[in-house]
Amino acid sequence: MELTASRSHDSFRAMSQDIYSLRMRSSIGSKHISGAERLLEFPKLEDAASALLTRALNHSRGAAEKISITLQPLAREQLIKRPLLNFSTIEVNNWLQGRQVASELLVQLGLRSEIVKSALSQLAAGPSPDGGVMRGAMLVDAETGQRLESDPARGIRVSRMDLDPAAQPVIDRLLQMAGLCNSRIVEAWVLASKVTLYPQIIAELCWSDDPDYLTGYVASAQHGYQRITHLKEYGNEIGGRVFFIKPATDLGRLIDKLQLEPVLFTPPAENCL
Ligand code: AMP
(Lines give C-alpha, C1' and ligand atoms only; values in the text may rest on other atoms or scores of the structure.)
Protein backbone atom coordinates (compact mmCIF):
# COMPACT_ATOMS: atom_id res chain seq x y z
CA MET A 1 0.00 0.00 0.00
CA GLU A 2 1.19 3.49 -0.80
CA LEU A 3 0.30 6.39 1.43
CA THR A 4 1.09 9.78 -0.03
CA ALA A 5 0.73 12.99 1.89
CA SER A 6 1.97 16.31 0.68
CA ARG A 7 2.96 17.64 4.15
CA SER A 8 4.72 16.31 7.25
CA HIS A 9 2.52 14.86 10.02
CA ASP A 10 3.06 17.87 12.33
CA SER A 11 2.17 20.41 9.75
CA PHE A 12 -0.96 18.39 8.90
CA ARG A 13 -2.07 18.99 12.49
CA ALA A 14 -1.00 22.63 12.39
CA MET A 15 -3.15 23.19 9.34
CA SER A 16 -6.23 21.50 10.78
CA GLN A 17 -8.36 24.49 9.78
CA ASP A 18 -7.81 23.42 6.18
CA ILE A 19 -9.96 21.09 4.20
CA TYR A 20 -8.38 17.92 2.81
CA SER A 21 -8.64 16.13 -0.47
CA LEU A 22 -8.53 12.39 0.28
CA ARG A 23 -8.23 10.06 -2.70
CA MET A 24 -8.00 6.30 -3.00
CA ARG A 25 -7.11 4.15 -5.97
CA SER A 26 -6.65 0.40 -6.02
CA SER A 27 -5.58 -2.06 -8.67
CA ILE A 28 -4.50 -5.63 -9.45
CA GLY A 29 -1.61 -5.42 -11.90
CA SER A 30 -2.85 -3.00 -14.55
CA LYS A 31 -6.52 -3.70 -13.76
CA HIS A 32 -8.37 -0.83 -12.09
CA ILE A 33 -10.33 -2.08 -9.09
CA SER A 34 -11.75 0.95 -7.35
CA GLY A 35 -11.29 4.61 -6.56
CA ALA A 36 -12.85 7.27 -4.39
CA GLU A 37 -12.63 11.01 -3.85
CA ARG A 38 -13.49 12.82 -0.62
CA LEU A 39 -13.17 16.39 0.62
CA LEU A 40 -13.11 16.47 4.42
CA GLU A 41 -12.20 18.33 7.55
CA PHE A 42 -9.32 17.12 9.69
CA PRO A 43 -11.29 15.21 12.39
CA LYS A 44 -13.01 13.04 9.76
CA LEU A 45 -9.84 11.96 7.93
CA GLU A 46 -8.90 8.90 9.96
CA ASP A 47 -12.31 7.20 9.74
CA ALA A 48 -12.71 8.11 6.08
CA ALA A 49 -9.25 6.75 5.14
CA SER A 50 -9.96 3.55 7.05
CA ALA A 51 -13.32 3.14 5.25
CA LEU A 52 -11.61 3.59 1.87
CA LEU A 53 -9.00 0.99 2.78
CA THR A 54 -11.71 -1.49 3.80
CA ARG A 55 -13.52 -0.81 0.52
CA ALA A 56 -10.39 -1.44 -1.54
CA LEU A 57 -9.66 -4.68 0.30
CA ASN A 58 -13.20 -6.07 -0.07
CA HIS A 59 -14.23 -5.10 -3.55
CA SER A 60 -16.49 -7.20 -5.79
CA ARG A 61 -13.95 -6.71 -8.63
CA GLY A 62 -11.32 -8.49 -6.51
CA ALA A 63 -9.08 -7.77 -3.52
CA ALA A 64 -6.60 -5.07 -4.50
CA GLU A 65 -2.87 -5.77 -4.71
CA LYS A 66 -1.92 -2.12 -4.70
CA ILE A 67 -3.79 0.61 -2.83
CA SER A 68 -2.79 4.27 -3.00
CA ILE A 69 -4.23 6.75 -0.55
CA THR A 70 -3.37 10.39 -1.16
CA LEU A 71 -4.06 13.24 1.21
CA GLN A 72 -3.65 16.86 0.27
CA PRO A 73 -4.58 19.98 2.25
CA LEU A 74 -6.43 22.76 0.44
CA ALA A 75 -6.99 26.32 1.55
CA ARG A 76 -10.56 26.82 2.69
CA GLU A 77 -10.84 30.04 0.64
CA GLN A 78 -10.63 27.96 -2.56
CA LEU A 79 -13.75 26.01 -1.61
CA ILE A 80 -17.05 26.69 -3.36
CA LYS A 81 -20.51 25.39 -2.45
CA ARG A 82 -23.15 24.46 -4.99
CA PRO A 83 -26.50 22.60 -4.84
CA LEU A 84 -26.71 18.98 -5.93
CA LEU A 85 -28.52 18.30 -9.19
CA ASN A 86 -32.22 17.53 -8.94
CA PHE A 87 -32.72 13.77 -8.75
CA SER A 88 -35.16 11.46 -10.50
CA THR A 89 -35.41 7.70 -11.06
CA ILE A 90 -36.52 5.99 -14.25
CA GLU A 91 -37.61 2.38 -13.71
CA VAL A 92 -36.83 0.01 -16.56
CA ASN A 93 -37.27 -3.77 -16.83
CA ASN A 94 -33.82 -4.68 -18.11
CA TRP A 95 -30.49 -3.25 -19.30
CA LEU A 96 -31.50 -3.19 -22.99
CA GLN A 97 -34.47 -1.01 -22.18
CA GLY A 98 -32.24 1.06 -19.86
CA ARG A 99 -29.70 1.77 -22.61
CA GLN A 100 -32.51 2.71 -24.97
CA VAL A 101 -33.83 5.19 -22.40
CA ALA A 102 -30.31 6.57 -21.76
CA SER A 103 -29.81 7.10 -25.51
CA GLU A 104 -33.13 8.92 -25.79
CA LEU A 105 -32.31 11.20 -22.84
CA LEU A 106 -28.95 12.08 -24.42
CA VAL A 107 -30.57 12.79 -27.80
CA GLN A 108 -33.15 15.01 -26.06
CA LEU A 109 -30.19 17.08 -24.83
CA GLY A 110 -29.24 17.81 -28.42
CA LEU A 111 -26.62 15.08 -28.98
CA ARG A 112 -26.68 13.33 -32.36
CA SER A 113 -27.90 9.73 -32.17
CA GLU A 114 -24.88 8.29 -34.02
CA ILE A 115 -22.49 9.98 -31.52
CA VAL A 116 -24.53 8.60 -28.62
CA LYS A 117 -24.62 5.12 -30.18
CA SER A 118 -20.86 5.11 -30.73
CA ALA A 119 -20.14 6.31 -27.15
CA LEU A 120 -22.43 3.64 -25.70
CA SER A 121 -20.84 0.87 -27.72
CA GLN A 122 -17.31 2.01 -26.78
CA LEU A 123 -18.31 2.00 -23.12
CA ALA A 124 -19.97 -1.40 -23.40
CA ALA A 125 -16.95 -2.93 -25.17
CA GLY A 126 -14.52 -1.71 -22.48
CA PRO A 127 -13.37 1.86 -23.07
CA SER A 128 -9.67 1.31 -22.28
CA PRO A 129 -7.40 0.32 -25.22
CA ASP A 130 -6.96 -3.15 -23.65
CA GLY A 131 -10.76 -3.65 -23.64
CA GLY A 132 -11.00 -3.20 -19.88
CA VAL A 133 -12.27 -0.33 -17.74
CA MET A 134 -10.62 3.03 -17.38
CA ARG A 135 -9.63 4.70 -14.11
CA GLY A 136 -11.47 7.86 -15.14
CA ALA A 137 -13.95 9.10 -17.72
CA MET A 138 -13.98 9.18 -21.51
CA LEU A 139 -14.27 12.68 -22.98
CA VAL A 140 -16.24 12.67 -26.22
CA ASP A 141 -16.50 15.61 -28.61
CA ALA A 142 -20.24 16.16 -29.02
CA GLU A 143 -19.88 17.17 -32.66
CA THR A 144 -17.29 14.72 -34.04
CA GLY A 145 -17.65 11.86 -31.56
CA GLN A 146 -13.86 11.79 -31.17
CA ARG A 147 -12.26 10.73 -27.91
CA LEU A 148 -10.43 13.72 -26.38
CA GLU A 149 -8.61 12.33 -23.36
CA SER A 150 -4.84 12.16 -23.87
CA ASP A 151 -4.48 8.84 -22.04
CA PRO A 152 -7.43 6.56 -22.97
CA ALA A 153 -6.52 4.01 -20.29
CA ARG A 154 -6.60 6.57 -17.53
CA GLY A 155 -9.19 9.06 -18.79
CA ILE A 156 -10.02 12.04 -16.62
CA ARG A 157 -10.74 11.57 -12.92
CA VAL A 158 -12.99 14.14 -11.34
CA SER A 159 -11.74 15.00 -7.90
CA ARG A 160 -12.04 17.32 -4.91
CA MET A 161 -15.78 17.11 -4.29
CA ASP A 162 -18.00 15.88 -1.47
CA LEU A 163 -21.27 16.46 0.30
CA ASP A 164 -21.30 19.50 2.60
CA PRO A 165 -21.34 17.97 6.13
CA ALA A 166 -24.44 20.04 6.97
CA ALA A 167 -26.25 18.46 3.99
CA GLN A 168 -25.61 14.86 5.08
CA PRO A 169 -28.65 14.46 7.40
CA VAL A 170 -30.96 16.07 4.83
CA ILE A 171 -29.70 13.81 2.05
CA ASP A 172 -29.85 10.71 4.27
CA ARG A 173 -33.48 11.53 5.06
CA LEU A 174 -34.40 12.16 1.41
CA LEU A 175 -32.79 8.89 0.29
CA GLN A 176 -34.33 6.93 3.14
CA MET A 177 -37.80 8.27 2.30
CA ALA A 178 -37.22 7.15 -1.29
CA GLY A 179 -36.01 3.70 -0.12
CA LEU A 180 -32.54 4.40 -1.50
CA CYS A 181 -30.05 3.83 1.32
CA ASN A 182 -26.85 3.49 -0.61
CA SER A 183 -23.65 5.51 -0.16
CA ARG A 184 -22.66 4.85 -3.78
CA ILE A 185 -25.74 6.80 -4.90
CA VAL A 186 -24.51 9.82 -2.96
CA GLU A 187 -20.99 9.50 -4.39
CA ALA A 188 -22.27 9.29 -7.96
CA TRP A 189 -24.78 12.11 -7.39
CA VAL A 190 -22.00 14.34 -6.03
CA LEU A 191 -19.67 13.45 -8.91
CA ALA A 192 -22.34 14.13 -11.54
CA SER A 193 -23.25 17.40 -9.84
CA LYS A 194 -19.62 18.53 -10.15
CA VAL A 195 -19.29 17.39 -13.79
CA THR A 196 -22.42 19.27 -14.87
CA LEU A 197 -21.35 22.51 -13.15
CA TYR A 198 -19.22 23.24 -16.18
CA PRO A 199 -21.26 24.47 -19.15
CA GLN A 200 -18.76 22.91 -21.59
CA ILE A 201 -20.15 19.49 -20.60
CA ILE A 202 -23.53 18.76 -22.16
CA ALA A 203 -24.14 15.52 -20.29
CA GLU A 204 -22.62 12.58 -18.46
CA LEU A 205 -23.49 8.91 -18.95
CA CYS A 206 -22.43 6.35 -16.34
CA TRP A 207 -22.81 2.76 -15.37
CA SER A 208 -20.72 1.05 -12.73
CA ASP A 209 -17.90 -1.43 -13.22
CA ASP A 210 -19.03 -3.38 -10.15
CA PRO A 211 -20.43 -6.71 -11.41
CA ASP A 212 -23.33 -6.59 -8.93
CA TYR A 213 -24.35 -2.93 -9.37
CA LEU A 214 -26.61 -2.52 -12.38
CA THR A 215 -27.96 0.99 -11.96
CA GLY A 216 -26.56 3.94 -13.89
CA TYR A 217 -27.53 7.46 -14.90
CA VAL A 218 -27.61 10.30 -17.36
CA ALA A 219 -26.81 13.68 -15.80
CA SER A 220 -27.13 17.18 -17.20
CA ALA A 221 -27.53 20.71 -15.88
CA GLN A 222 -30.77 20.86 -17.87
CA HIS A 223 -32.56 17.71 -16.62
CA GLY A 224 -30.64 16.85 -13.45
CA TYR A 225 -29.49 13.44 -12.24
CA GLN A 226 -31.64 10.85 -14.04
CA ARG A 227 -31.03 7.50 -12.41
CA ILE A 228 -31.86 4.48 -14.58
CA THR A 229 -32.49 1.26 -12.65
CA HIS A 230 -30.77 -1.12 -15.11
CA LEU A 231 -27.95 -0.22 -17.49
CA LYS A 232 -26.06 -3.51 -17.58
CA GLU A 233 -26.34 -7.23 -16.97
CA TYR A 234 -25.58 -8.84 -13.63
CA GLY A 235 -21.97 -10.11 -13.50
CA ASN A 236 -20.64 -7.70 -16.13
CA GLU A 237 -17.40 -6.00 -14.95
CA ILE A 238 -17.34 -3.38 -17.70
CA GLY A 239 -18.49 0.10 -16.79
CA GLY A 240 -17.38 3.68 -17.04
CA ARG A 241 -18.29 7.28 -17.62
CA VAL A 242 -18.64 9.44 -20.73
CA PHE A 243 -18.59 13.24 -20.62
CA PHE A 244 -19.99 14.79 -23.81
CA ILE A 245 -18.02 17.97 -24.50
CA LYS A 246 -19.13 20.99 -26.53
CA PRO A 247 -17.00 21.68 -29.59
CA ALA A 248 -14.23 24.31 -29.30
CA THR A 249 -13.90 23.78 -25.55
CA ASP A 250 -10.64 24.84 -23.89
CA LEU A 251 -9.92 21.28 -22.77
CA GLY A 252 -6.93 22.06 -20.54
CA ARG A 253 -8.95 24.55 -18.52
CA LEU A 254 -11.94 22.21 -18.23
CA ILE A 255 -9.77 19.29 -17.08
CA ASP A 256 -8.11 21.53 -14.45
CA LYS A 257 -11.54 22.45 -13.08
CA LEU A 258 -12.75 18.84 -13.07
CA GLN A 259 -9.64 17.64 -11.26
CA LEU A 260 -8.75 20.55 -9.04
CA GLU A 261 -11.66 22.85 -8.21
CA PRO A 262 -12.87 21.94 -4.69
CA VAL A 263 -16.66 21.87 -4.40
CA LEU A 264 -18.95 20.92 -1.51
CA PHE A 265 -22.55 20.13 -2.38
CA THR A 266 -25.62 21.34 -0.53
CA PRO A 267 -29.13 19.83 -0.88
CA PRO A 268 -30.76 20.08 -4.31
CA ALA A 269 -32.93 23.06 -5.24
CA GLU A 270 -36.07 20.90 -5.33
CA ASN A 271 -37.06 18.27 -2.80
CA CYS A 272 -36.98 15.92 -5.71
CA LEU A 273 -36.59 12.25 -4.79
P1 AMP B 1 -17.98 3.32 -10.28
O2 AMP B 1 -19.19 4.19 -10.41
O3 AMP B 1 -17.16 3.67 -9.09
O4 AMP B 1 -18.29 1.87 -10.41
O5 AMP B 1 -17.07 3.71 -11.51
C6 AMP B 1 -17.40 3.34 -12.82
C7 AMP B 1 -16.36 3.90 -13.76
O8 AMP B 1 -16.46 5.32 -13.74
C9 AMP B 1 -14.91 3.59 -13.43
O10 AMP B 1 -14.53 2.38 -14.03
C11 AMP B 1 -14.18 4.75 -14.04
O12 AMP B 1 -13.97 4.51 -15.41
C13 AMP B 1 -15.18 5.89 -13.91
N14 AMP B 1 -14.92 6.73 -12.71
C15 AMP B 1 -14.99 6.35 -11.41
N16 AMP B 1 -14.68 7.38 -10.61
C17 AMP B 1 -14.44 8.44 -11.41
C18 AMP B 1 -14.06 9.79 -11.17
N19 AMP B 1 -13.87 10.28 -9.95
N20 AMP B 1 -13.89 10.60 -12.25
C21 AMP B 1 -14.09 10.13 -13.51
N22 AMP B 1 -14.43 8.86 -13.78
C23 AMP B 1 -14.60 8.02 -12.76
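Predicted model: local features only at pLDDT ≥ 70, side-chain atom pairs only at ≥ 80, totals over all residues.
Colleague: What makes the span of helix H2 close to the expected one?

Modeller: Helix H2 covers residues 45-57, which is 13 residues. The expected span is 1.5 Å times one less than the number of residues, and for H2 that is given as 18 Å.

Colleague: Which residues of H2 are called buried, and why?

Modeller: They are Leu-45, Ala-48, Leu-52 and Ala-56. Buried means under 20% relative accessible area, so each of these four falls below that cut-off.

Colleague: How do you know that they line one face of the helix?

Modeller: Looking down the axis of H2, the buried residues fall within an arc of 75 degrees, so they line one face. In general, an α-helix has 3.6 residues a turn, so residues three or four places apart point the same way.

Colleague: And what lies on either side of H2?

Modeller: Strands E2 (19-28), E3 (31-41) and E4 (66-74) are among what covers the buried residues. On the other side, Glu-46 and Asp-47 are exposed, so each has over 50% relative accessible area.

Colleague: Why is strand E11 said to pair with E6 and E10?

Modeller: Pairing needs at least two bridges. E6 (residues 87-90) has 4 bridges to E11 and runs parallel to E11, with Phe-87 opposite Tyr-225. E10 (residues 216-220) has 5 bridges to E11 in the antiparallel sense, including one between Ser-220 and Gly-224. Both counts meet the cut-off, so both are pairs.

Colleague: What makes E11 mostly covered?

Modeller: In E11 (residues 224-228), 5 of 5 residues are buried.

Terms used:
Residues numbered from 1 in each chain as written. Heavy atoms only, no water. Helix = DSSP H or I, 4+ residues; strand = E, 2+ residues; numbered from the N terminus. Buried < 20%, exposed > 50% of the residue type's maximum accessible area, 1.4 Å probe, protein only. Arc of directions from axis to C-beta. Contact = heavy atoms within 4.5 Å.
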